[in-house]
Amino acid sequence: MFVTGLVIDGEPQRNKIEEIYTMYRKLLFYTAYSVLKDYHEAEDAVHTAIIKICDYLEKIDDIRCNKTKAFLVIIVRNIAINMYNRKRRISDLHMDRLADYEDNTINPEEYMLKIENADWVARKLASINPEYADVLVLRYTYQFSMEEIAYLLNTTEGNVRVKLHRARKALHEIMKGEYYENSAEQK
Amino acid sequence: MKTRQSRNDEKLEKLKSAFYDYIGENHIDNICAEIEEFNEEINRIKVPVTLDKRVYQYIDGISGKKYRKKPWINLNRTYSRVAVILLVLFSSLMALSIGVDAFKYTIQNFFVSDYDQYSSVRIRDDNRAKNVEIEWESYYYPAYLPDGFYIESVNELLNIREIKFKNNGNDYIYFTQAPNDVDISLDTEGGEKKEVIINNRKAIFTAKDGKNILVWNNEEYTFHLTSNLDEKKMKYIAESLEKK
């Protein structure tokens with residue numbers, strides 16, 4: 001369990017979150033509004049995102065870099081999506097088994113081959129569902145634990161596990177060519 | 001000792017993690033490319049003033065809570081005592097002044113608010129300046145001003161427009177706008193200068209002798225904000241400019 005605000009103790013941390021908000025407030029609000037199409041809800045989503053981000057400021061080294069910018073977008077976008085789903089009582093937790101996806105049918109060489117088209121693979125994954133790509137990036141690139149991701153996205157750990165499971169499954173399908181061969185976008 | 005199979009699984013797991021990380025890096029690049037694509041639209045969006053207020057209050061609130069708690073309890077006790085004394089004084093004054101015209105005006109400006117533990121007495125200043133009307137046709141005006149500020153005066157000279165805001169304390173905000181080709185001199189010599197960002201554009205913030213100056217511009221105008229308010233509030237005002 002995380003306690004909101006405890007880490008924002010010193011002046012540098014305070015300045016950091018202030019700088020982040022001042023610099024990206026429009027981007028954050030635009031992102032939330034794009035999902036929710038409601039000014040008040042978008043406002044709530046951004047406010048929640050700032051509260052969450054406050055607890056992980058130590059992970060942000062360079063405020064202006066792309067990694068920070070994308071991180072902020074991912075957090076606020078997913079908070080907005082979760083708010084939207086909650087309000088409309090949409091749940092997507094009911095279908096999949098939660099066991100880790102076994103994609104051992106892909107051999108190491110195939111991963112190396114797909115690296116070349118990683119940009120396309122990432123786009124493809126995001127086009128299947130941006131939340132899948134977002135959870136994947138939070139887990140493997142930003143190195144957050146499942147619990148941390150759940151806190152940041154204002155959702156449950158179960159939900160995060162399902163999304164990560166689906167993300168890996170979708171990636172597996174992309175790798176095996178289900179999307180690859182049929183796509184006109186293929187490089 | 002691990003079997004050959006489990007070692008292979010472990011290696012494959014590491015490879016997969018690295019692969020997912022690499023896909024993640026590409027996803028980050030894709031998000032940033034998308035942001036670039038919608039940059040104009042993003043810059044045009046108006047962030048609600050209420051959101052700015054909420055967020056800045058949240059940041060301020062967290063930082064101050066810990067240190068303010070104790071003195072605040074003591075202050076509450078002191079306030080209770082002071083309020084009682086003021087209330088007694090006020091009642092005496094009321095009794096003395098009834099029917100005396102010279103006192104009537106002052107007494108009318110007293111306001112009493114009742115709280116659980118004490119009564120607060122304050123004097124309304126009826127002589128304070130009223131908001132001056134702006135009669136310009138096209139100008140920029142801050143959508144956000146800290147509470148209590150009103151327009152004290154409005155001036156225009158050689159395309160340079162200045163609005164002076166004040167509150168009932170000693171705070172002031174001088175806001176100047178001029179077309180980009182007009183030169184304005186500001187006394188920033190010896191001040192502590194630094195670069196800040198206002199609406200995704202570079203701006204200069206100077207602190208000098210308790211006075212802060214913020215200079216920035218957009219496509220058509222250069223703006224100057226001079227005030228004794230802190231940097232955060234000034235940036236907040238600057239970010240909130242709207243064309244009227």
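A search of the whole structure, a predicted model, finds zero disulfides over all chains. A disulfide is a covalent bond between the sulfur atoms of two cysteines. To count here, the two sulfur atoms must lie within 2.5 Å. Take C32(B). The closest cysteine sulfur to its own belongs to C65(A), and the gap is 8.4 Å, so the pair is too far apart for a bond. C32(B) is also buried, with a relative accessibility of 5%. Another cysteine, C54(A), is buried too, at a relative accessible area of 0%.

C32(B) leads on to a meeting of two helices. It is one of the residues through which α1(B) touches α3(A). Which residues make the contact? From α3(A) come N66(A), K67(A), K69(A), A70(A), V73(A), I74(A) and R77(A). From α1(B) come E25(B), H27(B), I28(B), I31(B), C32(B), I35(B) and E36(B). Sorted by class, this contact of α3(A) with α1(B) holds seven nonpolar, two polar and five charged residues.

Stay with chain B and move to helix α5, residues 231–239. Is this helix mostly covered or mostly uncovered? It is mostly covered, with eight of its nine residues buried. The buried residues are E231(B), K232(B), M234(B), K235(B), Y236(B), I237(B), A238(B) and E239(B). Buried here means a relative accessible area under 20%.

Now turn to the loops and the backbone. Most residues other than glycine have a negative phi. K37(A) is not a glycine, yet its phi is positive, at about 55 degrees. Where does K37(A) lie? Its place is the loop of chain A between α1 (11–36) and α2 (39–54). K37(A) is exposed, because its relative accessible area is 57% and the cut-off for exposed is over 50%.

Chain B has a case of its own. N199(B) is not a glycine either, and its phi is positive, at about 50 degrees. This residue sits in the loop between strands β7 (192–198) and β8 (201–208) of chain B. Is N199(B) buried, partly exposed or exposed? With a relative accessible area of 25%, N199(B) is partly exposed.

Key
Residues are numbered from 1 along each chain as its sequence is written. Chains are lettered from A and ligands numbered from 1 in the order in which they are written. This is a predicted model: local features need pLDDT of at least 70, side-chain atom pairs count only at pLDDT 80 or more; totals for chains, interfaces and linings use all residues. Side-chain values use heavy atoms; hydrogens and water are left out. Helices (H or I, at least four residues) and strands (E, at least two) are DSSP runs, numbered from the N terminus. Buried means under 20% relative accessible area, exposed over 50%, partly exposed in between (1.4 Å probe, protein chains only). Contact means heavy atoms within 4.5 Å. Ala, Val, Leu, Ile, Met, Phe, Trp, Tyr, Cys and Pro count as nonpolar, Asp, Glu, Lys and Arg as charged, and the others, Gly among them, as polar.
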